[in-house]
Amino acid sequence: MFRFSSAAAAASLVTMSIAETITGTIYCDNQFEFYFNGVLIASDPIAFTPHQAVQVSFDWDGVSDKVFAISCQDYASTSGYEYIDTTSPQLGDGALIAEFSDGTITSSSWKYYVTNYGPTDASIAAGCSATNLAACAVQDNGTPANWFSTSFDDSTWTTSTTYTSAQAGWGAPPTWSGTECCTMTSPLDRSTLGCSVDSSGTAITVTESECQNPSELLGSSTASFIWGTDLERDNKVLFRYTATASSSSTTPAPPTPSPTTVDTDDDDKAGLIVGVVLGSVAFLVIVIVLLYCFCCKSKPEAANDSENNPDTA
C-alpha cells in the first residue's frame with residue numbers, strides 16, 4: 001500500500017522554498033579566493049592591477065549555517081615592497097570589501113588571520129627601507145589547514161579592523177574592451193602589460209563579470225573595507241564570517257551596545273508554507289476517508305438490493 005508521509009513532504013517543500021541563489025560583489029586589493037560553506041566559488045584572475053571587482057553567484061540550501069571565507073593578498077615581494085625594479089619601491093596597502101544579496105557585508109564582525117607580514121619590525125630596526133631592500137624580511141605565519149571549512153574553529157582569530165574608502169582606496173579601475181579586461185601593469189617596474197595578461201605577459205581568461213569597477217558597484221554600499229591592523233605590512237589575510245541558520249539573514253553589523261531587533265519575515269514565511277502544506281494534506285486525508293466510507297456503505301446496500309430483488313426465470 002502507498003503511504004504518504006506528510007511530515008517528510010512538508011519538510012521537503014519548505015526546504016525547497018527557502019533555498020536561494022546568492023549573488024555578490026567582491027573587491028580585494030590585489031587578489032582573492034572566495035569559499036562558501038567550504039566550497040571554492042571564485043578565484044580572482046588578476047594578481048595585481050587593474051583594481052577590479054568580481055561578481056559571484058552561488059547556491060545556499062536555506063538550512064545550513066552560512067560560512068563566508070575569503071583570502072585576500074596584497075602584492076608584495078620577498079622584501080614586502082612592490083615596484084622593486086624602480087628607483088622608488090614602496091609598500092602597498094591591502095583591503096577587502098564585499099556585499100552579498102542575502103544582506104551579508106564585510107564589517108568588523110568578520111574575523112581575520114594574517115598569514116604573511118612584512119617587512120618585520122626587526123628587519124626595519126636592522127636597516128630595512130626602500131633604499132635597502134636586502135635588509136628586509138617578511139614573516140610567514142603559515143596557512144591553517146582547512147581554514148575555509150565549515151567545521152574550522154576560528155575562535156582565536158581577531159575581529160577585523162574597518163577602514164574608509166579614503167584610507168583603503170579604490171585603486172586603478174579596469175576598463176572592459178568588449179572582450180578583454182584592461183589595463184594590466186607590472187608590480188615590479190610599473191610598465192603597461194596590456195589586456196587580460198598576467199604579470200609575465202601571458203594571456204589569461206578574464207570575463208566581464210570579473211572586470212567590474214569596484215567604486216561603481218560598492219561605492220554606495222554600507223559594507224566596510226576590512227583588513228588587519230596594518231594596511232601596509234599585513235600582506236596576506238584570511239577572513240571568515242559565519243551566519244548561523246537560526247539567525248536572520250540580515251546584514252551583519254559591527255557589535256554595538258544598542259539593542260538589536262530580530263527580523264521574523266523568514267520565520268513567518270516558513271510558518272505560512274508549513275501551514276498551507278499541512279492544511280492541504282489534512283484536506284486530502286478527509287477526502288480519502290469520505291470516499292472510503294461511501295464505498296463501504298454502498299456495497300451492503302447493493303447486496304441487500306440483490307437479495308430483495310432476485311432475478312426471475
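Buried here means under 20% relative accessible area, and that cut-off applies to Cys-182, which is buried because its relative accessible area is 7%. All the views below come from a predicted model.

**View A. The disulfide between Cys-182 and Cys-195.** The two sulfurs sit 1.9 Å apart in this link. The torsion about the S-S bond is about 110 degrees, so this disulfide is right-handed. It links distant parts of the chain, with Cys-182 in strand β12 (residues 181-182) and Cys-195 in the loop between β14 and α4, 13 residues apart. Cys-182 is buried at 7%, whereas Cys-195 is partly exposed, with a relative accessible area of 23%.

**View B. The disulfide between Cys-28 and Cys-72.** Here the S to S distance is 2.0 Å. The link is right-handed, with 95 degrees about the S-S bond. Cys-28 belongs to strand β1 (residues 20-29) and Cys-72 to strand β5, so to speak a bridge between distant parts of the chain, 44 residues apart. Both of these cysteines are buried.

**View C. The disulfide between Cys-128 and Cys-136.** S to S comes out at 1.9 Å for this pair. Another right-handed link, it shows 90 degrees about the S-S bond, and both Cys-128 and Cys-136 are buried.

**View D. Phe-36 meets Phe-68.** The structure holds 22 aromatic pairs, and this one is edge-to-face, at 5.3 Å centre to centre with 65 degrees between the planes. Phe-36 lies in strand β2 (residues 31-36) and Phe-68 in strand β5 (residues 66-73), so the pair ties together parts that are 32 residues apart in sequence.

**View E. Charges over rings.** Lys-66 lies over the face of Trp-60, 4.4 Å from the ring centre. In the other example, the charged end of Arg-190 sits over the ring of Tyr-83, at 3.8 Å from its centre.

**View F. Gln-212 and its surroundings.** Look for Gln-212 in the loop between β14 (192-194) and α4 (214-218). Gln-212 is buried, with a relative accessible area of 17%. Its side chain reaches the backbone oxygen of Glu-208 at 2.6 Å. Leaving aside neighbours within four places in sequence, Gln-212 is in contact with Gln-52, Ala-53, Gln-55, Pro-174 and Leu-217.

Methods:
Residues numbered from 1 in each chain as written. Predicted model: local features only at pLDDT ≥ 70, side-chain atom pairs only at ≥ 80, totals over all residues. Heavy atoms only, no water. Helix = DSSP H or I, 4+ residues; strand = E, 2+ residues; numbered from the N terminus. Buried < 20%, exposed > 50% of the residue type's maximum accessible area, 1.4 Å probe, protein only. Polar contact = N/O pair within 3.5 Å; in protein donor to acceptor, adjacent residues only side chain to side chain. Contact = heavy atoms within 4.5 Å. Phe/Tyr/Trp six-rings, centres within 6.5 Å; stacked < 30°, edge-to-face > 60°. Lys NZ or Arg CZ within 6 Å of the ring centre and 35° of its normal. Disulfide = S-S within 2.5 Å.
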